[in-house]
Amino acid sequence: MKNARTNQTLEEREASPIIHLKKLNNWIKSVLIQLYARRGDAVLDLACGKGGDLIKWDKAKIEDCRTRYNGDADHHQRRKKFTFPARLICGDCFEARLDRVLANDGPFDICSCQFAMHYSWSTEARARRALANVSALLRPGGTFIGTMPDANVIIKKLRQVEGMAFGNGVYWIKFDEEFSDKKFKSSSPFGIKYKFHLEDAVDCPEWIVPFHLFKSLAEEYDLELVFVKNSHEFVHEYMKKPEHIELMRRLGALGDGNQDQSTLSPDEWEVAYLYLTFVLKKHGQPDRTQANSRKDKGQMQISKEDVIKDKRIMTRGPLRSIDNIGYEAD
Ligand SMILES: C[S@@+](CC[C@H](N)C(=O)[O-])C[C@H]1O[C@@H](n2cnc3c(N)ncnc32)[C@H](O)[C@@H]1O
């Protein structure tokens with residue numbers, strides 16, 4: 001049987017050198033969603049890739065999902081039926097004024113941006129647009145959840161090696177010679193580019209996001225830090241709870257603890273260490289009167305033809321190359 005999303009068979013997918021890392025990342029995203037999503041929430045999923053997290057939101061019994069779609073929608077040909085109406089929109093969510101494009105859709109209870117916020121740190125304008133979009137569309141008291149590279153870990157690893165590149169059997173990161181002093185000034189935190197290669201997943205430029213500056217910038221947009229945790233810390237902390245242990249067993253990142261002895265390799269575990277998880281909260285108290293005005297927008301089933309290509313948000317620049325990542329998180 002073909003998995004249309006990746007054009008890989010399920011067997012090929014299971015044979016991926018990072019299959020357990022993908023499962024671990026799915027566990028992290030699922031735990032985050034379960035921690036913060038409430039029944040009936042309206043969700044905005046920015047940079048959702050191929051929409052692989054829709055099923056996670058489905059399990060959280062949310063009401064409504066606007067999702068900034070940016071890959072191909074082939075896997076939706078399967079027309080999985082969700083328990084909420086969803087819309088997939090194609091565009092550059094770090095460039096477009098989403099407060100205008102989605103003016104009639106907000107406010108949202110939750111915004112999620114998984115493994116993508118760092119693509120906005122190529123310039124200050126894009127980083128600000130990303131946060132302004134999130135802030136403008138979240139209701140007061142709403143939650144912004146996400147995952148992105150942990151700049152502290154990446155820079156520490158860069159300083160530990162002689163040259164400008166490091167990695168292991170499944171990934172490598174390479175910085176340009178312009179950063180050969182390995183010093184990164186807080187006064188110019190945008191556009192610190194490196195090349196990231198992750199076997200069977202990513203091969204593209206990415207940008208360092210110094211988290212303390214991300215936190216300060218987010219505060220300018222009324223988004224306050226709830227927590228930030230490196231993925232290792234996140235796993236250790238949430239693997240203490242029985243419901244999360246059970247989910248890990250079902251997803252199989254660490255084997256099923258039974259017949260399936262296959263588990264995350266040390267190389268994959270090192271890649272997990274390159275990422276962090278964050279939660280921010282929009283200032284203010286929720287206005288209960290605004291709820292439900294957005295019900296019934298979108299469809300319970302989505303196929304490729306349903307992806308909305310809105311001229312106001314389509315750009316030809318960065319998104320084009322980023323769309324070629326072919327990243328497969330699920
Ligand atoms: C590593 S993937 C993560 C996809 C998805 N969020 C997940 O967790 O499975 C990064 C995604 O960010 C998307 N992306 C990067 N820059 C974007 C932009 N400016 N606007 C919309 N999507 C963007 C890419 O197309 C890609 O699908």
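Student: Among contacts in the protein between residues at least 6 apart in sequence, what percentage join residues at least 24 apart?

Tutor: Good place to start! Two residues are in contact if their C-beta atoms, placed from the backbone, lie within 7 Å. Here, of the contacts between residues at least 6 apart in sequence, 74% join residues at least 24 apart. Please keep in mind that this is a predicted model, where local features need pLDDT of at least 70, side-chain atom pairs count only at pLDDT 80 or more, and totals for chains, interfaces and linings use all residues. Residues are numbered from 1 along each chain as its sequence is written.

Student: How many residues does the largest nonpolar core have?

Tutor: In soluble globular proteins, nonpolar side chains tend to be buried together. A nonpolar core is a set of buried Ala, Val, Leu, Ile, Met, Phe, Trp, Tyr and Cys residues joined through C-beta atoms within 7 Å; buried means that 20 or more other C-beta atoms lie within 10 Å of a residue's own, also placed from the backbone. In this model the largest such core has 80 residues, and Val 43 and Phe 108 are among those with the most contacts inside it. Helix α2 (residues 19-36) gives the most to this core, 8 residues; helices are DSSP runs of H or I, at least four residues, numbered from the N terminus.

Student: At what angle do α2 and α9 pack?

Tutor: Two packed helices are described by the angle between their axes and the distance between the axes. Axes are lines fitted to C-alpha atoms over the stretch in contact, with angles from 0 to 180 degrees between N-to-C directions. For α2 and α9 (residues 242-251), the angle is about 145° and the axes are 10 Å apart. Residues making this contact include Trp 27 of α2 and Leu 247 of α9.

Notes. Buried ≥ 20, exposed ≤ 12 C-beta atoms within 10 Å, placed from the backbone. Helix = DSSP H or I, 4+ residues; strand = E, 2+ residues; numbered from the N terminus.
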